[in-house]
Amino acid sequence: MPPERVSALPAGREKTTWRTLPNLLTAARIALVAPFGWLCLRGYDISALSVFLIAGITDTVDGTLARRFNQSSKFGRLADPLADKLLTTVAYLVLCLRAGLSAIPVWVTIAVIARDVLILTGSLVVYARTRSTAFKPDVFGKANTFIEIGVVVVFLVSSRLVFLTRFMTAVYVLLLVSLIVSTSDYLVQGLRMLRARN
């Protein structure tokens with residue numbers, strides 16, 4: 001998922017057209033963001049979870065199809081991680097802001113969004129100085145993506161399985177630790193790239 005994922009094919013072999021099945025699936029994932037957000041705000045948590053899972057399936061399938069049928073494209077390389085981030089960001093925002101219903105704590109949402117802002121800002125700084133985008137995916141980034149998604153899933157399921165609410169604080173703390181570790185890892189990578197340039 002998010003920025004941690006990279007294209008399976010080198011840029012020279014990417015297709016220039018956006019009209020491929022993987023890209024249509026990515027577009028469908030973006031289209032699902034609005035109904036997902038509406039369902040969350042209205043408190044239809046299980047229906048929202050279904051939409052969220054469908055979006056997750058399209059995320060898995062589009063990458064698989066792109067690799068299997070050599071349909072990686074420049075559009076997909078940019079749109080796919082943006083679609084993922086849009087979905088998770090909207091998820092945390094709407095689940096944090098909904099009134100009169102159980103909600104994700106504000107500090108959790110701020111922490112999730114702050115990580116993305118810091119990584120994006122750092123990436124732009126590194127690119128401006130080195131013209132390199134060679135950040136490498138690693139276990140910390142992948143684990144953080146998994147945990148971010150898992151928190152949304154567990155939160156939505158907890159509307160039916162109420163006993164899960166007792167574990168939410170621990171889940172949020174785990175997420176916070178993951179955010180700090182993965183952000184620090186990106187910071188270390190960025191500093192190494194800057195030093196190598198000097």
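**Exercise 1.** State which residues are linked with Lys85 in a network of salt bridges.

*Solution.* Start from the rule: a salt bridge is a side-chain nitrogen of Lys or Arg within 4 Å of a carboxyl oxygen of Asp or Glu. The network joins Lys85, Arg115, Asp116 and Glu148. Next, take the pair Glu148 and Lys85, whose closest N and O atoms are 3.6 Å apart. Glu148 belongs to helix 6 and Lys85 to helix 4, 63 residues apart; helices here are DSSP runs of H or I with at least four residues, numbered from the N terminus. Both Glu148 and Lys85 are buried, that is, under 20% relative accessible area with a 1.4 Å probe, protein chains only.

The model is predicted, with local features needing pLDDT of at least 70 and side-chain atom pairs pLDDT 80 or more, while totals for chains, interfaces and linings use all residues. Residues are numbered from 1 along each chain as its sequence is written, and side-chain values use heavy atoms, without hydrogens and water.

**Exercise 2.** List the contacts of Leu175, leaving aside neighbours within four places in sequence.

*Solution.* Contact means heavy atoms within 4.5 Å. Leu175 is in contact with Tyr92, Val108, Val112, Asn144, Ile147, Glu148 and Val151.

Note on methods. Helix = DSSP H or I, 4+ residues; strand = E, 2+ residues; numbered from the N terminus. Buried < 20%, exposed > 50% of the residue type's maximum accessible area, 1.4 Å probe, protein only.
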